[in-house]
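Here is a short briefing to read with the model open beside you.

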Amino acid sequence: DKRSQLKFFAKTLMFYFYKDKVTVNMLDNDFSIEHIVPNSSDWDGEMDKDRIGNLVPIIASTNSARGNRSIRKYPASGIEREFLEKINIIPCVEEYEKIVDHDKDRPRVISVEKYNRMCEENEDKYIACFVNSLFG
C-alpha cells in the first residue's frame, strides 16, 4: 500500500499550521507527517486514508514511537505531550476509538462516516489557520 505524495497546497497548510501552533522551543525538533488513522489500516467501502484531515505534522520521534498502534501510545508527558495538546488536530481517545479498532493485528476503520467527519473538521482547522495567517 503505497503512500501518496503530499501536494504543495497540503504541505503549505500544514507548514503554516505547525508554525502557528507550536512554541518556539519546539521548532528545533524534526517533524514528520503522521497519519492519525494509521496508513496500514483496513476498512470497508471507499475511504481516502491520505486526506489532509487525516494527516498531521508531528515530532518525528513521536510518530516513530507510535507506529500503527492506537493514539493511546502517544507519550503521557514531556515535550511530545505538550506538542500534541497545542496542535489540537488529533481527536481524544474516546472519539478515536469510535473510528478505529486496534484489537486485531492491523488497525481497522469501523466508521468511515466518523473518519470523514474528523477529516472535515481538521481540514477546516488547517484552512482557518492559513487564512488567519495571511489576513488575520
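Helices (H or I, at least four residues) and strands (E, at least two) are DSSP runs, numbered from the N terminus. This is a predicted model, in which local features need pLDDT of at least 70 and side-chain atom pairs count only at pLDDT 80 or more, while totals for chains, interfaces and linings use all residues. Residues are numbered from 1 along each chain as its sequence is written, and side-chain values use heavy atoms, with hydrogens and water left out.

**Salt bridges**

- The whole structure contains 9 salt bridges, a salt bridge being a side-chain nitrogen of Lys or Arg within 4 Å of a carboxyl oxygen of Asp or Glu.
- One of them is formed by Arg117 and Glu113, whose closest N and O atoms are 3.2 Å apart.
- Both of these residues belong to helix H5, where Arg117 and Glu113 are 4 residues apart, about one turn of the helix.
- Arg117 counts as partly exposed because its relative accessibility is 39%, and Glu113 counts as exposed because its value is 58%; the cut-offs are under 20% relative accessible area for buried, over 50% for exposed, and partly exposed in between (1.4 Å probe, protein chains only).
- Glu34 and Arg66 form another salt bridge, with 3.0 Å between the closest N and O atoms.
- This pair links distant parts of the chain, as Glu34 sits in strand E1 (residues 31-35) and Arg66 in helix H2 (residues 60-66), 32 residues apart.
- Glu34 and Arg66 are both buried.
- Lys49 and Asp50 also join their side chains in a salt bridge, at 3.3 Å from N to O, and both residues are buried.

**Strands E1 and E2**

- Strands E1 and E2 pair in the antiparallel sense over 5 bridges; for two strands to pair, DSSP must find at least two bridges between them.
- Within this pairing, Ser32 stands opposite Ile58 in E2.
- Strand E2 (residues 55-59) is mostly covered, with 5 of its 5 residues buried.

**Aromatic pairs**

- There are 5 aromatic pairs in the structure; rings of Phe, Tyr and Trp (its six-membered ring) pair if their centres lie within 6.5 Å, and planes under 30 degrees apart count as stacked, over 60 as edge-to-face and the rest as tilted.
- Tyr16 and Phe130 make an edge-to-face pair, 5.1 Å centre to centre with 85° between the planes.
- Here too the pair links distant parts of the chain: Tyr16 is in helix H1 (residues 8-21) and Phe130 in helix H5, 114 residues apart.
- Tyr16 counts as partly exposed because its relative accessibility is 29%, and Phe130 is partly exposed with a relative accessible area of 21%.
- The ring centres of Tyr18 and Phe83 are 5.7 Å apart and the planes meet at 55°, so this pair is tilted.
- Because Tyr18 lies in helix H1 and Phe83 in helix H3 (residues 78-87), the pair ties together parts that are 65 residues apart in sequence.
- Tyr18 and Phe83 are both buried.
- Phe15, Tyr16 and Phe130 make up one aromatic cluster.

- Ser111 is placed in the loop between strand E4 (108-109) and helix H5 (112-135).
- Ser111 counts as buried because its relative accessibility is 15%.
- Apart from neighbours within four places in sequence, Ser111 is in contact with Lys98 and Ile99, where contact means heavy atoms within 4.5 Å.
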